[in-house]
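Please keep the viewer open as you read.

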Amino acid sequence: MQNLILNQRTLPAIGMGTWHMGDDFKRRQTELTALRSGLDSGAAVIDTAEMYGEGNSERLVGEALQNFPREKVYLISKVYPWNASLTELPKSLDQSLERLETDYLDLYLLHWRGTIPLAETVAAMEAAKQAGKIKAWGVSNFDTDDMEELWQVPGGQNCAANQVLYNLGERGIEFDLLPWLRKQNVPLIAYSPVAQGDSLGNQFTQQPQLQKIAEQHQASIFQILLAWVIRDGTTLAIPQSSNEMHVKANLAAGAVKLAAAELAILDELFPKPTQKQPLAML
Ligand SMILES: NC(=O)c1ccc[n+]([C@@H]2O[C@H](COP(=O)([O-])OP(=O)(O)OC[C@H]3O[C@@H](n4cnc5c(N)ncnc54)[C@H](OP(=O)(O)O)[C@@H]3O)[C@@H](O)[C@H]2O)c1
């Protein structure tokens, strides 16, 4: 099983995203089952945000975690950029904690860059850490120039992770951001790691060579996509699924090891960037 170290904690490299979950009461039991069976199947990380359903996702996660040992979960939430100030961040954080029914987050991310100075956001994050309400903080949707700027801010180098869009079809970060993060030992959290499932079309599912690789591993194409994302041991993938079977399959992908020859085939099919590309975002 592939692991990674995030803020001194060794975690399975596949966790669970929760965007678009918790909004529809008719789907609630199915979603709770999906999250709980993910935890029972060895997932530790759950990723949410105050943005997701304006708190609905956090409420769902809080309910899913009832009666589950808190220390076994690695809980990530995110603050809106306009709430990432010294006065607003503590309020957003308290509301997230209340919805999640917990007294701390393992990781709190600035969801994307806004107009509040980075130095102020870092100071607010550090204060939350001092107060024991978060174990660590990080950023999301930060490109290389944003990371470089963050590194110049007092305390900015305490950033524990950067969460960005990354999957086999979106490799832009490999040109400069990913090498920069690796050099600074900042783990990557890959969002939309299965390219939003079938919703983006059949770019992957109808690809014959990808199908052949999947067959060789007795895996699905989605499992191959996940194994590819986490291949370097410093990346956490957070696929989202409301389907219990998909959740279990996604977690099992942590055991799929792609051979060098298979990685080379994937490089040919979905080439690495050869020049700087603006950071892709959803
Ligand atoms: N920081 C940010 O700005 C940001 C932006 C986007 C996302 N995120 C985070 O990253 C998480 C994941 O990204 P995402 O939700 O955009 O996309 P994703 O995880 O790539 O794809 C989710 C979709 O894929 C399907 N799926 C998942 N596993 C599958 C499987 N094994 N087989 C078939 N279909 C499967 C799901 O449908 P089923 O329910 O039917 O399985 C769902 O429709 C989010 O939930 C969120 O936590 C963060």
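## About the model

This is a predicted model, in which local features need pLDDT of at least 70, side-chain atom pairs count only at pLDDT 80 or more, and totals for chains, interfaces and linings use all residues. Residues are numbered from 1 along each chain as its sequence is written, and side-chain values use heavy atoms, with hydrogens and water left out.

Let's start with Asp47, which sits in strand β4 (residues 45–47); strands are DSSP E runs of at least two residues and helices are H or I runs of at least four, numbered from the N terminus. Asp47 counts as buried because its relative accessibility is 2%, where buried means under 20% relative accessible area and exposed over 50%, with partly exposed in between (1.4 Å probe, protein chains only).

The side chains of Asp47 and Lys78 make a polar contact at 2.7 Å. Such a contact is a pair of N or O atoms within 3.5 Å; within protein, one must be able to donate a hydrogen and the other to accept it, and residues adjacent in sequence count only if both atoms are side-chain atoms. Leaving aside residues up to four places away in sequence, Asp47 also touches others, including Met16, Tyr52 and Ile238, with contact meaning heavy atoms within 4.5 Å.

## His111

His111 lies in the loop between β6 (107–110) and α4 (118–130). With 7% relative accessibility, His111 is buried too. Among the residues that His111 touches, not counting those up to four places away in sequence, are Tyr52, Lys78 and Asn141.

## Helix α7

Which residues of α7 (residues 208–216) are buried? They are Leu210, Ile213 and Ala214. Seen down the helix axis, these fall within an arc of 100°, so they line one face of α7; the arc is that of the directions from the helix axis to the C-beta atoms. They pack against α8 (221–229) and α10 (260–269). Pro208, Lys212, Glu215 and Gln216 are exposed on the other side.

At the start of α7, a side-chain oxygen of Gln207 comes to within 2.8 Å of the backbone nitrogen of Gln209. Just after the helix, Gln218 has a positive phi of about 50°.
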